[in-house]
Amino acid sequence: MSNPLWPITLPHDASLHGHRVDAVLAYLTVSTGAVFAAMAAVLLVAVLFHRGRTRQARYTHGARTRDRLVAAAAGAVVLFGIDAVAVMRTADQLRLGFWRYPDADPSALRVEVTGQQWAWNFRYPGADGQFETADDIVTLNELRVPINRPVYLQLTSKDVVHSFYLPNFRNKIDVIPGAVTRMWFQPQEIGVFEIACAQHCGAWHYKMRGELAVMDEGSFAAWSARAAADTALRASAATVVGSAGTTQPADGTSGEAGAMSSATASVPSDGWTWTSAP
Ligand SMILES: [Cu+2]
């Protein structure tokens with residue numbers, strides 16, 4: 001992030017649909033700025049005009065019909081000129097971008113996210129495309145994704161409410177224990193971006209951050225293969241340890257990061273299901 005004006009300006013947008021959020025913010029900035037300028041001008045004129053003793057200000061309780069009409073007109077301008085338009089524009093942008101979940105898109109990369117005090121766990125389905133199987137890839141505070149493909153996340157929390165926040169992708173979703181939420185985004189730029197928690201979730205909330213690495217397709221495939229090999233190695237090591245009489249999970253996970261899949265299985269989602277990847 002080499003923006004010299006940061007944090008005065010918005011974070012750099014590296015996503016397909018981020019401009020939609022920026023457009024709504026720009027509209028709100030300009031429209032409320034115009035109303036602020038008009039109000040400041042009215043006040044300034046009133047102060048300057050009634051400055052001398054010759055033009056005494058006339059006080060009113062605003063009970064006259066004319067006063068009420070002026071107040072109602074000003075209120076209507078704000079309500080319909082700014083608020084209603086902002087709501088409609090927001091709904092449009094959500095419909096055109098953020099709510100178009102890639103349920104039927106076979107190219108979408110699906111990842112399960114589990115928040116906990118104070119870290120992010122990520123679980124990829126591995127080569128078989130199925131979660132909660134032996135070849136799942138599990139990472140901590142590190143989400144790697146390929147460029148120009150939809151990334152579809154399903155999220156839950158182990159303990160308290162967190163919020164998965166991607167400032168450079170204009171996306172944020174609450175991560176709630178006992179519930180499953182979802183979000184999607186499409187990276188347009190290779191680079192490393194910040195993952196933050198946007199809900200105050202305890203003493204070390206400020207430490208709850210991760211890295212989102214956007215890679216080219218080849219590098220992502222190479223990383224996936226390496227991670228899959230590591231998973232297989234861990235699984236075989238766990239089997240050896242397990243046969244020696246311990247209770248180590250044999251699927252190569254730490255058990256902690258595996259919480260997501262069991263939570264997903266037991267918590268009803270609000271009407272969507274992972275479609276199995278090809
Ligand atoms: Cu948090």
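In the predicted model, Leu-153 is in contact with Val-111, Val-113, Arg-182, Met-183 and Trp-184, when residues up to four places away in sequence are left out. In soluble globular proteins, nonpolar side chains tend to be buried together.

The peptide bond between Gln-117 and Trp-118 is cis, with omega at about 5°. Trp-118 lies in the loop that links strand E1 (109-116) to strand E2 (119-124).

Two asparagine residues have positive phi values. At Asn-141, phi is about 55°, although the residue is not a glycine. Asn-141 is placed in the loop between strand E3 (137-140) and strand E4 (142-146). Asn-141 counts as partly exposed because 15 C-beta neighbours lie inside 10 Å, whereas a buried residue would need 20 or more.

At Asn-148, another residue other than glycine, phi is positive and near 60°. The loop that holds Asn-148 runs between E4 and strand E5 (151-157). Asn-148 has 14 other C-beta atoms within 10 Å and is therefore partly exposed; the exposed class is limited to residues with 12 or fewer.

Note on methods: Residues numbered from 1 in each chain as written. Predicted model: local features only at pLDDT ≥ 70, side-chain atom pairs only at ≥ 80, totals over all residues. Helix = DSSP H or I, 4+ residues; strand = E, 2+ residues; numbered from the N terminus. Contact = placed C-beta atoms within 7 Å.
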